[in-house]
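Biologist: Hello! Could you walk me through this fold, one piece at a time?

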Amino acid sequence: MSDAERHQPFDGRTLLVVSTNYAPELTGIGPYAAQLAEHWAGAGADTHVLTGMPHYPSWRTDPEYRGVWRVVEKRAGVTLHRRRHYVPPRQTALRRALFEATVLGHGLLSPPASPRPDAVVAQIPSLAGGVIGARLAARHRVPYIPVVQDLMGAAAAQSGIRGGGRAAAVASAAERYALRSAALVGVIHETFVPRVTAYGVDPARIRTVPNWSHVRAPSADRARTRARLGWSEGTPVVLHSGNMGLKQGLEVLVDAARLAPGIRVVLMGDGNQREALLERAAGLRNLDVLPPAGADEFTDVLAAADVLAVTQRASVLDMSVPSKLTSYFVSGRPVVASVAEGGGTAQEVHRSGAGLLVAPEDPAALLSAVRKLVEAPAAADALGANGPRYVARHLSREAGLARFDALLTEVLADAQGRPRP
């Protein structure tokens with residue numbers, strides 16, 4: 001194989017990626033969809049993405065896209081086909097259903113005007129994206145590869161969303177439709193496999209493709225960053241970064257701040273529960289709610305904290321593994337995970353050796369772990385140092401993208417009847 005062939009493995013291919021979230025969104029699924037599409041474009045593929053208008057995690061459409069119905073953009077070698085959809089300012093089952101319905105309707109009514117793809121890859125969620133991917137692949141008679149980032153049927157049942165019980169059956173039916181027609185199914189964590197197989201997917205058609213660390217390592221002076229943020233060196237800082245939604249159960253951090261006025265709790269991000277959290281935190285002088293940090297300073301802010309918190313409702317087990325974990329591990333700070341023992345989040349914290357696990361929705365237990373780390377800074381630093389090592393061994397961008405290359409190569413080989421590599 002020549003050097004050109006080695007560096008352009010998908011030259012001459014046309015690929016369609018369906019992902020409601022995409023850059024410039026900085027958190028959640030958007031960065032992964034963007035880096036994957038840009039990687040395949042760099043590998044020679046004519047890569048198209050059917051996506052929505054940027055809105056996450058604030059759940060507000062970015063100002064420059066308000067009023068825009070359809071637009072085609074070129075970004076880092078990728079052709080983006082954006083379609084307008086409803087953005088619910090608050091999450092209820094009905095509002096989420098309307099979000100999915102508008103994504104589905106606009107995507108099917110106005111599919112991308114692109115060449116016939118060789119394969120269609122869809123990120124789930126959203127449910128609509130999965131259904132759109134399956135329908136477009138069937139229309140073109142090409143292989144379909146859904147990648148499960150979250151399981152919305154389980155999410156509706158586990159996250160506490162209003163009306164979630166009724167929504168779970170509908171969401172599960174959509175997931176079943178989106179998954180059963182797939183050539184191969186990617187899952188970001190093995191804890192998703194039992195639910196995917198329960199939808200009738202042959203386990204032999206499931207591949208694990210973990211998310212990778214998509215952010216740079218911290219580089220700024222830690223003391224200067226703390227000073228800039230107004231964090232006293234004598235006050236321990238517990239930081240949560242990311243979406244402020246129902247499944248995160250961030251009330252535990254607000255309640256922990258109330259119990260421990262000597263510890264500063266920082267919620268950095270946005271989401272549909274932000275205002276409710278602000279109301280719950282009224283009067284707390286040791287709790288800050290900050291906007292999301294920019295990409296140029298994000299990991300520097302993480303590294304300036306003493307402890308990084310990941311929280312989930314006790315009911316969240318097998319429907320989500322927070323993408324924030326990969327960024328937390330890169331930062332080199334210890335993690336306290338207030339999550340259910342049996343879930344994928346707990347497994348990742350155990351595997352990394354970068355943090356402590358405590359019972360979910362228990363502010364006293366969370367504070368006990370934080371104090372343990374604060375009182376033993378050398379041990380805390382040692383735990384935190386395990387994070388970058390874990391990323392280097394298992395969660396590098398190169399390794400993550402290589403797994404997706406292998407997934408796509410296998411599907412394309414099967415479609416042409418060639419032996420798998």
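**Strand E9 and its sheet**

Modeller: Gladly: in strand E9 (residues 237-243), seven of its seven residues are buried, where buried means under 20% relative accessible area with a 1.4 Å probe, protein chains only. Strands (E, at least two residues) and helices (H or I, at least four) are DSSP runs, numbered from the N terminus. This is a predicted model, in which local features need pLDDT of at least 70 and side-chain atom pairs count only at pLDDT 80 or more, while totals for chains, interfaces and linings use all residues. Residues are numbered from 1 along each chain as its sequence is written, and side-chain values use heavy atoms, leaving out hydrogens and water.

Biologist: Which residue of E10 is the bridge partner of Leu-239?

Modeller: Two strands pair if DSSP finds at least two bridges between them. E9 and strand E10 (residues 264-270) pair in the parallel sense over seven bridges. In E10, the partner of Leu-239 is Val-266.

Biologist: And which residue of E12 is the bridge partner of Leu-239?

Modeller: E9 also pairs with strand E12 (residues 307-311), in the parallel sense over two bridges. There, Leu-239 has as its bridge partner Leu-308.

Biologist: Why is one side of E11 and of E14 left without a neighbour in the sheet?

Modeller: Six strands with parallel pairing form an open sheet, in the order E11-E10-E9-E12-E13-E14. One side of each of these two strands lacks a neighbour because strand E11 (287-290) and strand E14 (355-358) stand at the edges, each with a single partner strand.

Biologist: What angle does the direction of helix H14 make with that of E14?

Modeller: Helix H14 (residues 363-375) packs on this sheet, touching E9, E12, strand E13 (335-338) and E14; contact means heavy atoms within 4.5 Å. Axes are lines fitted to C-alpha atoms, for helices over the stretch in contact, and angles run from 0 to 180 degrees between N-to-C directions. The angle with E14 is about 160 degrees.

Biologist: Which are the edge strands of the eight-strand sheet?

Modeller: Eight strands form an open sheet of mixed pairing, ordered E3-E4-E2-E1-E5-E6-E7-E8. Pairing on one side only are strand E3 (70-75) and strand E8 (206-208).

Biologist: Which residue in E7 stands opposite Val-148?

Modeller: Strand E6 (residues 144-148) and strand E7 (residues 185-187) run parallel, joined by two bridges. Opposite Val-148 stands Val-187.

Definitions and conventions. Buried means under 20% relative accessible area, exposed over 50%, partly exposed in between (1.4 Å probe, protein chains only).
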